[in-house]
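Please read the following account with the sequence and the model side by side. It is meant as a guided walk, taken one topic at a time.

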2 protein chains.
Amino acid sequence: MELKPIAERFVLHWGEMGSRWGVNRTVAQIHALLYLAGRPMDAEEITSTLGVARSNVSNSLKELQSWNLVRIIHLKGDRRDHFETSTDVWELFKLIVAGRRQREIDPTVVALRECLDNPVIEEEHEGTRQRIEETLKFIEIMGTLADEMLRLKPETLMKTLGVSARISQVVRRKP
Amino acid sequence: MELKPIAERFVLHWGEMGSRWGVNRTVAQIHALLYLAGRPMDAEEITSTLGVARSNVSNSLKELQSWNLVRIIHLKGDRRDHFETSTDVWELFKLIVAGRRQREIDPTVVALRECLDNPVIEEEHEGTRQRIEETLKFIEIMGTLADEMLRLKPETLMKTLGVSARISQVVRRKP
DNA sequence: CAGTAATTTCAGTAAAAACAGAAATTAATA
DNA sequence: TATTAATTTCTGTTTTTACTGAAATTACTG
């Protein structure tokens with residue numbers, strides 16, 4: 001499959017953005033491609049469309065599946081695996097939030113708690129301990145906020161964030 | 001300066017988290033160090049504490065300054081530059097949000113608008129165009145949301161997010 | 001303004017990550 | 001069950017990013 005210019009630009013930009021947020025470029029590109037395509041694609045098609053190695057696609061798809069962003073589909077009369085992603089940005093957003101929550105927020109909470117519970121914290125300055133505590137509180141709030149978003153249905157989430165964003169745009173008053 | 005065990009763990013963990021979010025490890029470590037120290041440090045001290053090259057520290061500090069996360073301070077009777085960061089997690093959060101907003105969100109909005117305005121969008125499937133539009137709306141909401149947070153004073157922001165997080169934790173009702 | 005301290009720049013090196021291609025494995029078909 | 005298709009694993013290469021150390025520059029001091 002040959003990518004048309006707009007789709008190509010989208011996919012490349014998404015890959016670029018991915019890198020800036022710690023996501024492998026190819027992984028991000030594949031996801032963008034499946035999202036734009038809006039239909040299941042097999043690995044070979046992805047490979048030829050993006051012009052990367054077949055093995056690269058295989059590994060990247062595994063990565064995307066581990067984030068629940070991509071799932072395998074089987075079409076009747078075709079033994080190949082096909083891959084698809086949600087076409088709902090808000091659902092995708094939630095999946096990414098869920099992933100980062102458990103991969104980054106949770107371990108950080110654990111690490112900071114261990115810091116605070118460790119008796120050698122006594123060796124540190126009081127201010128240092130306080131700041132670690134503040135950091136922990138901050139991260140915990142982020143975690144709870146993530147949960148809150150995860151509990152909302154996509155439409156509700158979109159409306160809630162969208163509306164609150166629009167209000168703040170209109171009201172324009174100091175807090 | 002020799003790092004005490006808890007501070008070391010914190011700094012290393014922060015460096016690790018940085019990498020996962022697209023921030024250079026040393027950059028993140030230096031920031032964590034200044035944050036925990038809660039006092040201005042000169043480049044030489046940072047260098048010896050973290051055990052990295054002086055030039056690495058110099059460049060990383062430049063990076064941190066470009067994000068407004070670190071500022072130069074001069075102490076009387078000392079010709080060396082000293083560096084400090086805010087000890088307020090919420091203020092730091094806002095600075096990071098502001099930076100990512102203008103470095104990632106804004107350019108993405110531009111790119112997606114260009115995609116949609118480009119006449120060759122006609123070559124794409126209608127669904128593809130729609131999804132690019134959805135994505136643009138999503139990113140714009142994220143941008144507005146970022147602005148909203150930036151307009152709040154740290155205490156207000158903390159209370160708003162903190163309280164809303166806590167409520168959602170307690171109420172536990174479906175949306 | 002000569003000398004020294006502090007900082008930055010730069011060129012080269014090292015480390016890490018991304019990627020390709022071949023080989024191996026697994027799964028399906030005839 | 002032999003053959004082929006599809007996928008994954010593995011090893012080595014390339015590319016990128018991070019980093020070092022020396023040299024150059026800038027800023028200060030006596």
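This is a predicted model: local features need pLDDT of at least 70, side-chain atom pairs count only at pLDDT 80 or more; totals for chains, interfaces and linings use all residues.

Residues are numbered from 1 along each chain as its sequence is written, chains are lettered from A and ligands numbered from 1 in the order in which they are written, and side-chain values use heavy atoms, with hydrogens and water left out.

Side chains of opposite charge can pair when their charged atoms come close. With a salt bridge taken as a side-chain nitrogen of Lys or Arg within 4 Å of a carboxyl oxygen of Asp or Glu, the count over all chains is 28. One of them joins Arg20(B) to Glu104(A), at 3.8 Å from N to O. This pair crosses between chains, since Arg20(B) belongs to helix 1 (residues 5–20) of chain B and Glu104(A) to helix 5 (residues 89–117) of chain A; helices here are DSSP runs (H or I, at least four residues), numbered from the N terminus. Relative accessible area sets the terms for exposure: buried is under 20%, exposed is over 50%, and partly exposed lies in between, with a 1.4 Å probe and protein chains only. On that scale Arg20(B) is partly exposed at 34%, while Glu104(A) is buried at 5%.

A second salt bridge, between Glu126(A) and Arg129(A), has an N to O distance of 2.8 Å.

In chain B, Arg101(B) forms a salt bridge with Asp147(B), and the closest N and O atoms are 2.6 Å apart. This pair links distant parts of the chain, from helix 5 (residues 89–117) of chain B to helix 6 (residues 126–151) of chain B, across 46 residues. Arg101(B) is buried at 18%, whereas Asp147(B) is partly exposed at 27%. Elsewhere, salt bridges with shared partners join Arg20(A), Arg100(B) and Glu104(B) into one network.

Two packed helices are described by the angle between their axes and the distance between the axes. Axes are lines fitted to C-alpha atoms, for helices over the stretch in contact, and angles run from 0 to 180 degrees between N-to-C directions. Helix 2 (residues 25–37) of chain A packs against helix 3 (residues 43–50) of chain A at about 110°, with the axes 11 Å apart. The two are therefore roughly perpendicular, a term for angles of 65 to 115 degrees. Contact, meaning heavy atoms within 4.5 Å, is made by residues including Ile30(A) and Leu33(A) of helix 2 and Ile46(A) of helix 3.

How many disulfides does the structure hold over all chains? The number is zero, a disulfide being a pair of cysteine sulfur atoms within 2.5 Å. Cys115(A) is buried at 2% relative accessible area, and Cys115(B) is buried at 1%.

Finally, Ile141(A) lies in helix 6 of chain A and is buried, at 8% relative accessibility. Ile141(A) and Ala32(A) are 109 residues apart in sequence, and their C-alpha atoms are 30 Å apart in space.

Terms used
Angles under 35 degrees count as roughly parallel, over 145 as roughly antiparallel, 65 to 115 as roughly perpendicular and the rest as oblique.
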